[in-house]
Amino acid sequence: MSPTTAAPPPHILVFPYPAQGHTIPLLDLIHQLCLRNLTNITIITTPKNLPTLSPLLTVHPVIGTLVLPFPPHPDLPPGVENVKEIGNSGNLPIVVSLSKLHDPIVQWFKSHDNPPVALISDFFLGFTLQMAREMGIPRFTFFTSGAYLAAVADYLWHRPELAKGMKVVDFVDLPGSPSFTELRLPSTFRRYKPGDPDWEFFRNGMIANLLSYGCVFNSFEALEFEYLEYVKRKTKVYSVGPLSLLGLNREIREDLETGSGHDVFRWLDECPDGSVLYVCFGSQKLMNKNQMEAVASALEKSMTRFLWVVKTGTTREEEAGYGLVPGGFEERVGGRGLVIRGWAPQVQILSHRAVGGFLSHCGWNSVLESVVSGVMILGWPMEADQFVDARLLVDELGVGVRVCEGADTVPDSVELAGKIAESLSGDVVQERVRARGLKDKALVAVRDGGSSCTDLDGLAKEFFNFLRSS
């Protein structure tokens with residue numbers, strides 16, 4: 001690893017954001033720092049989020065935790081401490097609630113006999129820049145989205161009055177001067193209410209991200225070089241991804257421990273190479289009745305093999321058709337397709353030789369997992385960063401096709417079936433060829449001497465330099 005292995009480790013404070021797609025990549029980053037002798041790490045968490053750290057703490061028991069009570073917020077039901085318990089609408093009150101941990105954290109820092117020399121915090125927690133300044137230490141922003149999204153968001157939050165309500169927003173300062181319609185802008189910005197105290201607090205936090213000492217991206221140069229270079233004009237940048245190639249393989253452990261997924265892989269083993277479409281829209285999206293029927297109909301009409309992961313709802317939601325697979329569908333498709341309800345070992349499924357396409361919402365973690373597996377994306381962006389991610393994949397890199405757009409859109413099942421069948425028609429599909437090429441570049445990035453490995457070593461050295469200068 002790094003030549004810093006002979007030096008005593010500096011103390012690093014880490015503040016994750018309590019959402020699965022944010023926390024897991026940050027834990028993978030911490031794992032990599034520990035492998036570079038940065039083992040003196042304290043992670044800030046709350047009681048209900050502590051179990052999420054278990055995989056990391058099992059591998060690195062020397063890591064410490066600072067467990068603080070989750071502060072209440074009038075817009076959060078009692079007991080809610082994680083986005084998965086309330087959905088994306090809870091992001092704003094969760095951020096505001098976590099900001100109330102400012103005083104306890106600073107007090108802990110001041111009373112510590114070996115206080116941290118740096119802070120790494122999620123990009124949703126931009127308020128921690130001020131906290132780091134009070135503690136006299138540098139703050140590193142950890143982005144669980146790409147540099148493209150970071151550039152778009154920074155542009156928007158600095159000039160909301162120029163973008164709010166516009167039918168089309170032109171990002172003239174960004175590489176290629178892209179344009180986005182209002183409905184394709186990041187959903188946090190679309191929900192922003194000028195003058196509302198909580199939203200103004202959130203906006204200031206977003207602006208603080210690129211004002212921090214440095215930014216760490218779960219990305220790599222070959223994926224979005226121009227946008228990483230754009231952010232470098234504003235702050236230090238470390239592109240260290242795809243972290244799923246370097247991480248704790250959490251899904252493998254869960255699969256072995258629970259025994260789930262074995263039938264899935266036996267079924268995949270019997271399928272020809274590249275013949276299966278994997279369908280999953282993330283851990284947050286619960287599809288309505290019409291959407292479920294349209295997707296089921298498209299899969300049935302496409303005559304392709306598929307593996308469909310379905311997020312299930314409450315009894316009341318299922319009665320209204322949310323997350324409910326149409327009756328008789330599974331019998332009609334016979335052995336041509338499988339439906340998984342709930343969690344699925346996505347990383348392992350995507351990396352299986354039989355999987356040739358991924359019908360996805362284009363969340364950043366799913367994007368990276370498809371990239372490292374060399375699987376083309378059939379994009380259905382719905383909210384958050386997904387429209388930006390889809391533009392990168394489809395319009396700029398050509399490793400995917402856009403099949404639908406919008407959180408409430410109901411696709412035409414015949415059209416969707418046609419796009420599915422065409423995309424899995426064979427290895428000559430150009431998007432599939434380019435996807436395999438991008439996988440090779442991702443593998444090179446994380447190897448010794450690769451861009452991401454070099455940036456990880458550089459980040460570790462930065463922390464050791466803070467210790468020497470303190």
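Analyst: Contact here means heavy atoms within 4.5 Å of each other. The model you're looking at is predicted, so local features need pLDDT of at least 70 and side-chain atom pairs count only at pLDDT 80 or more, while totals for chains, interfaces and linings use all residues. Residues are numbered from 1 along each chain as its sequence is written, and side-chain values use heavy atoms, with hydrogens and water left out.

User: Which residues does His-22 touch, not counting residues up to four places away in sequence?
Analyst: His-22 sits in helix H1, residues 20-35 (helices are DSSP runs of H or I with at least four residues, strands are E runs with at least two, numbered from the N terminus). It counts as buried because its relative accessibility is 12% (buried is under 20% relative accessible area, exposed over 50%, partly exposed in between, with a 1.4 Å probe and protein chains only). Setting aside residues up to four places away in sequence, His-22 touches Tyr-17, Asp-122, Phe-123, Phe-124, Phe-142 and Thr-144.

User: With which side chain does the side chain of His-22 make a polar contact?
Analyst: A polar contact is a pair of N or O atoms within 3.5 Å; within protein, one must be able to donate a hydrogen and the other to accept it, and residues adjacent in sequence count only if both atoms are side-chain atoms. For the side chain of His-22, the pair is 3.4 Å apart, and the partner is the side chain of Thr-144.

User: Why are the buried residues of H19 on the same side?
Analyst: In helix H19 (413-423), the buried residues are Ser-413, Leu-416, Ala-417, Ile-420 and Ser-423. They're on the same side of H19 because they cover an arc around the axis of only 135°.

User: Which residues are exposed on the other side of H19?
Analyst: The buried residues of H19 pack against strands S10 (276-280), S14 (376-379) and S15 (400-402), plus helices H13 (289-302) and H20 (430-446). Over on the other side of H19, the exposed ones are Val-414, Glu-415 and Glu-422.

User: How much space lies in the largest cavity?
Analyst: On a 1 Å grid over the protein atoms alone, a cavity is a set of points where a 1.4 Å probe fits but cannot get out, and a pocket is an open set with protein on both sides within 12 Å along at least five of seven lines; lining residues have an atom within 4 Å of a point. Points are joined across faces, edges and corners, and a volume is the space filled by probe spheres set on them. There are three cavities of 30 Å³ or more. The space in the largest cavity is about 130 Å³.

User: Which element gives the most to the lining of the second largest pocket?
Analyst: The second largest pocket holds about 300 Å³ of space. It is lined by 17 residues, with Arg-353, Val-355, Ser-373, Gly-374 and Arg-436 nearest its centre. With three residues, the element that gives the most to this lining is H20.

Key. Arc of directions from axis to C-beta.
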